[in-house]
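Let's take a friendly tour of a protein model. Have the sequence and the 3D view open while you read.

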Amino acid sequence: PFKTTCQLMIGYQGMLDIARRSGLVTSIWGHVVREGDYFEWELGLEPKMVHKPSNLQDREDKAITHVYAAARMKGGDTIFDVLTKAQVDKRRKRSRASGSGPWVTDYEAMAVKTAVRALWKWLPKSAEMAKAAAIDEAPEIGEQSDAWDAEVTEALEKEGIAAEVDITDGEFVNEETGEVLS
């Protein structure tokens, strides 16, 4: 729930799973880079990225400098997107929940999700990936998702998640407030 509206928000691990299930992406991952890590990346005709986490005992306490997501395509090509901490924080400020919730309690996971979402635009899209992106982005930009439909309910139920109320016909939604009625 978000205030009076129920919003489906897909976590970055869900986005990774959807990308893998597309059949277009064989693997996808994201990581944070911390002070003390060896990190080098370059763009151009031969993009390259190398990340070697440090072996420091207190590595997890070091400041985050970058975050990235990378994916290997079905044909073997690898693509990646790198964000600085400042770029992550700029995107965080656009979120309605920037000062609370997971941005406060789970910053690292939200930073990785931000990198996955940045990479998402470069990935080949299956219909499921496009729909997931539309649903997930709606609350971040202050809109209600109109992408919910029977296919989403079916996909949730396939994953063992009960979708108890079908709101696709609007009969369970207060038209004035958008509140989901029981």
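What follows goes from the overall layout to the sheet, the helices and the charged pairs.

## Before you start

You're looking at a predicted model, in which local features need pLDDT of at least 70 and side-chain atom pairs count only at pLDDT 80 or more, while totals for chains, interfaces and linings use all residues. Residues are numbered from 1 along each chain as its sequence is written, and side-chain values use heavy atoms, with hydrogens and water left out.

## The big picture

The protein has 6 helices and 5 strands. Here, helices (H or I, at least four residues) and strands (E, at least two) are DSSP runs, numbered from the N terminus.

Of the 182 residues in the protein, 33% are buried. Buried means under 20% relative accessible area, exposed means over 50%, and partly exposed is in between (1.4 Å probe, protein chains only). Now take the contacts (heavy atoms within 4.5 Å). Among those with a separation of 6 or more, 56% join residues 24 or more positions apart.

## The three-stranded sheet

Three strands make an open sheet in the order β1-β4-β5, with antiparallel pairing. Two strands count as paired if DSSP finds at least two bridges between them. In general, strands of a sheet pair through backbone hydrogen bonds, either parallel or antiparallel. At the edges you'll find β1 and β5 (78-84), each pairing on one side only. From one strand to the next, the twist averages 15°.

How many bridges join β1 to β4? There are 9, and the two strands run antiparallel. To see a facing pair, look for Arg34, which stands opposite Ile64 in β4.

## Helices on the sheet and on each other

Helix α2 lies across β4 and β5, and runs at about 80° to β5. Helix α4 packs on the sheet too, touching β1, β4 and β5, with its direction at about 45° to that of β4. For these angles, axes are lines fitted to C-alpha atoms (for helices, over the stretch in contact), and the values run from 0 to 180 degrees between N-to-C directions.

The two helices also meet each other: α2 (residues 85-93) and α4 (residues 107-120) pack at an angle of about 90°, their axes 10 Å apart. That makes α2 roughly perpendicular to α4. The scale goes like this: under 35 degrees is roughly parallel, over 145 roughly antiparallel, 65 to 115 roughly perpendicular, and the rest oblique. On the α2 side, the contact uses Lys85, Val88, Asp89, Arg91 and Arg92, and on the α4 side Tyr107, Ala111, Thr114 and Ala118. Sorted by type, these residues are 4 nonpolar, 1 polar and 4 charged. (Ala, Val, Leu, Ile, Met, Phe, Trp, Tyr, Cys and Pro count as nonpolar, Asp, Glu, Lys and Arg as charged, and the others, Gly among them, as polar.)

## Charged partners

A salt bridge is a side-chain nitrogen of Lys or Arg within 4 Å of a carboxyl oxygen of Asp or Glu. By this rule the count is 7. One of them joins Arg59 to Asp37, with the closest N and O atoms 2.6 Å apart. The pair links distant parts of the chain, 22 residues apart: Arg59 is in the loop between β3 (48-52) and β4 (64-73), and Asp37 is in the loop between β1 (25-34) and β2 (38-42). Are these two residues buried or exposed? Arg59 counts as buried because its relative accessibility is 11%, and Asp37 is buried at 12%. Both also belong to a network of salt bridges that links Arg34, Asp37, Arg59, Glu60 and Glu108.

Asp89 is partly exposed at 23%, and Lys85 is partly exposed at 31%.

Finish at Phe39, which you'll find in strand β2. Phe39 counts as buried because its relative accessibility is 17%. Leaving aside neighbours within four places in sequence, its contacts are Val33, Met49, Val50, His51, His66, Tyr68 and Val82. Phe39 and His66 are 27 residues apart along the chain, with their C-alpha atoms separated by 8.9 Å.
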